[in-house]
Amino acid sequence: MANSEAEVGADEPKGLRRIGLGAAIGLAAGIAGLVLPVALILLATYSPGTPFLRGVQLIQVTAIMALAGAILFALALLAYRLGFTALRRFDPRFWTASILCMIGTVGVLLVVLAIAIAFTSSDVMANCIQGAPTHALTCLQAAAPLASYSALLGFWLLWLGGLGIVVGIALAAFRYTQGWFYGGAALYAMLLLGLIAPALGLLFPIGALTYPILAAPVLALLAPVTILEGSQRARRRN
């Protein structure tokens, strides 16, 4: 009985550590998959004379960064899922967060496939975009329809994985009365809402995509930093 109670007690700090690890890896994923690609595209758009940031090279570099970001986000989802799994003993609602994170991991495979196809179609993509980064999704659909469908399905599965993070962190915020967790869940929710419009751009012509695209990297940095701080504070209090 004592051993069982000790194991249950050990699950709590283990879960918080894994949530913190997920946040740290998620921060790296946001930098690699959103911040750097968006910064490169903006630099190429507003400073077209910048070397090594034109045409095919730009598409290939951003594709590689997006691939690295996708892989890192898959690892972040795994860490979050393990953290939520450890906390399921205390609240069965963490099951929902764990399952959603698992679904998001499947979405990574489809996104990786789309990135690989986009990389091979970089010539067509470069000619289509022509200095208008907000046309990237439409150009992907025109250059490689299979990649666009894979990207769309993968995105929505990843979106569900992100929703799992929101649900799990919100539950952790409620359990530990931790304001940083509430803030992290809210920021991730804002990021998910902001990513809906670019994803729908694969299906429908949407003109005003600049602001969601610019806001995503900022939220992708703030959300994991906030969650990481929340996990550290919760561990110190418990």
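Biologist: How many helices and how many strands does the protein have?

Modeller: Helices (H or I, at least four residues) and strands (E, at least two) are DSSP runs, numbered from the N terminus. From that end, the elements run α-α-α-α-α-α-α-α. The count is therefore 8 helices and 0 strands.

Biologist: On what basis are the local features reported?

Modeller: This is a predicted model, in which local features need pLDDT of at least 70 and side-chain atom pairs count only at pLDDT 80 or more, while totals for chains, interfaces and linings use all residues. Residues are numbered from 1 along each chain as its sequence is written, and side-chain values use heavy atoms, with hydrogens and water left out.

Biologist: What percentage of the residues of the protein count as buried?

Modeller: Buried means under 20% relative accessible area, exposed over 50%, and partly exposed in between (1.4 Å probe, protein chains only). Of the 238 residues, the buried share is 43%.

Biologist: Which residues do ring pairs link into a cluster?

Modeller: Rings of Phe, Tyr and Trp (its six-membered ring) pair if their centres lie within 6.5 Å; planes under 30 degrees apart count as stacked, over 60 as edge-to-face and the rest as tilted. By this rule there are 4 aromatic pairs. The linked cluster consists of Tyr80, Phe84 and Phe94.

Biologist: Is Glu12 buried or exposed?

Modeller: Glu12 is found in helix α1. Leaving aside neighbours within four places in sequence, Glu12 is in contact with Leu87, Phe90, Arg175, Tyr176 and Asn238. Because its relative accessible area is 14%, Glu12 is classed as buried.

Biologist: What is the phi of Thr177?

Modeller: Most residues other than glycine have a negative phi. Thr177 lies in the loop between α6 and α7 and is exposed at 58% relative accessibility. Although Thr177 is not a glycine, its phi is positive, at about 50°.

Definitions and conventions:
Contact means heavy atoms within 4.5 Å.
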